[in-house]
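Hi everyone, thanks for coming. Today I'd like to walk you through one chain, piece by piece. Have a look at the picture first, and then we'll start.

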Amino acid sequence: MYYFKQNGEKIEKYQINFNKEEIEKLKLEIINNCSFIKHVEYTSDYSPKFKDISLIKKFKSKYVGKKEYFEEAREIYSYSYDEYNPPYLVELINRLLNGDITSIDNILNYYIISNELSIDDKIKIVNQELIGIAPENINAKKEKLQELENLLETKKLNQHRQSIVPFYKQLISLINFDLVDSLSISEIKRVEDFLGISSLEIDKVFDNSKVNETAKILKK
């Protein structure tokens with residue numbers, strides 16, 4: 001796997017090496033320690049479908065009865081489980097393990113920034129909304145109180161959630177960048193002029209799956 005990077009007036013070519021087993025192990029640690037956990041409970045006559053069963057913990061199901069339809073009777077079950085929502089870094093790791101070289105730039109430029117409100121901010125907002133509901137509006141108060149109770153439960157579930165920072169640093173340390181060669185941008189332009197081809201055509205010299213920002217650089 002090769003990675004191309006602009007360094008001043010040169011384009012450097014790096015061989016990317018990493019131990020898949022070590023990074024897989026780190027990915028599981030990130031999921032288990034840094035995911036945002038949401039508890040889910042509901043009843044249905046349809047079984048739940050999950051995109052990734054590994055992100056579902058403490059799954060329980062219990063038969064509660066039957067539901068009569070015009071054409072059939074279906075069994076109803078109650079379901080409860082904890083759903084783990086891992087940070088975006090896990091998706092980038094999966095892309096890296098699948099050989100997607102474009103994931104390297106995303107990993108190197110990974111900023112731990114979130115515009116989402118914290119759980120404490122959400123609790124404060126819902127609590128203020130609860131206070132603002134008229135005393136005689138019992139149903140609205142019950143619904144808002146249930147929302148507040150769910151948020152408090154979510155906060156409790158996530159009280160041991162860890163920062164992604166040390167895991168991110170560990171990931172960077174597990175990826176080795178070995179410089180293979182470099183070429184000046186002026187040399188590439190000279191080849192373009194010599195062959196009478198455009199930057200778009202010279203892109204074809206490279207495997208596009210291995211070139212990240214190189215195409216953009218050549219077009220400047």
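Okay, one term before anything else: when I say contact, I mean heavy atoms within 4.5 Å. With that in hand, take the contacts in this chain with a separation of 6 or more: 69% of them are between residues 24 or more positions apart. And please keep in mind that this is a predicted model.

Now the overall inventory. The chain has 9 helices and 6 strands. It has 220 residues, and buried residues make up 31% of them.

In what order do the strands of the open sheet of 3 strands come? The order is 1-2-6, and the pairing is antiparallel. Strand 1 and strand 6 are the edge strands, each pairing on one side only. On average, neighbouring strands in this sheet are turned by 30 degrees against each other, if you ignore direction. Helix 7, residues 185-195, packs on the sheet and touches strand 1, strand 2 and strand 6. The direction of helix 7 makes about 50 degrees with that of strand 6.

For those of you new to this, a bit of background: strands of a sheet pair through backbone hydrogen bonds, either parallel or antiparallel.

Let's go through the pairs. Strand 1 covers residues 2-7 and strand 2 covers residues 10-17, and they pair in the antiparallel sense over 6 bridges. You can follow that on your screen: Tyr 2 stands opposite Gln 15 in strand 2, while Asn 7 stands opposite Lys 10. The hairpin of these two strands has 2 residues between the strands, and Gly 8 takes a positive phi near 65 degrees there.

On to the other pair. Strand 2 and strand 6, residues 176-184, run antiparallel and are joined by 8 bridges. Here Glu 12 stands opposite Ser 182 of strand 6.

Most residues other than glycine have a negative phi. Lys 58 isn't a glycine, yet Lys 58 has a positive phi of about 55 degrees. You'll find Lys 58 in strand 4, residues 56-68. Is Lys 58 buried or exposed? Lys 58 is exposed, with a relative accessible area of 65%.

Start with helix 1, residues 20-34, and helix 2, residues 88-97: their axes come within 10 Å and cross at roughly 160 degrees. Angles over 145 degrees count as roughly antiparallel, so helix 1 is roughly antiparallel to helix 2. The crossing of helix 1 past helix 2 is left-handed. Which residues make the contact? From helix 1 we have Lys 20, Ile 23, Glu 24, Lys 27, Ile 30 and Ile 31. From helix 2 come Leu 89, Val 90, Ile 93, Asn 94, Leu 96 and Leu 97. Sorted by class, that contact has 8 nonpolar, 1 polar and 3 charged residues.

Helix 4, residues 119-132, packs against helix 5 at an angle of about 165 degrees, and their axes are 10 Å apart. Helix 4 and helix 5 are therefore roughly antiparallel to each other. Helix 4 passes helix 5 in a left-handed crossing.

Lys 144 lies in helix 5, residues 138-157. Why does Lys 144 count as buried? The cut-off for buried is under 20% relative accessible area, and Lys 144 is buried because its relative accessible area is 17%. Leaving aside neighbours within four places in sequence, Lys 144 is in contact with Val 126, Glu 129, Leu 130 and Ile 133.

That's my tour, so over to you for questions.

Definitions and conventions:
Residues numbered from 1 in each chain as written. Predicted model: local features only at pLDDT ≥ 70, side-chain atom pairs only at ≥ 80, totals over all residues. Heavy atoms only, no water. Axes fitted to C-alpha atoms, helices over the stretch in contact; angles between N-to-C directions. Helix = DSSP H or I, 4+ residues; strand = E, 2+ residues; numbered from the N terminus. Parallel < 35°, antiparallel > 145°, perpendicular 65-115°, else oblique. Left-handed = near helix turned anticlockwise from the far one by under 90°. Nonpolar A, V, L, I, M, F, W, Y, C, P; charged D, E, K, R; others polar. Pairing = 2+ DSSP bridges. Buried < 20%, exposed > 50% of the residue type's maximum accessible area, 1.4 Å probe, protein only.
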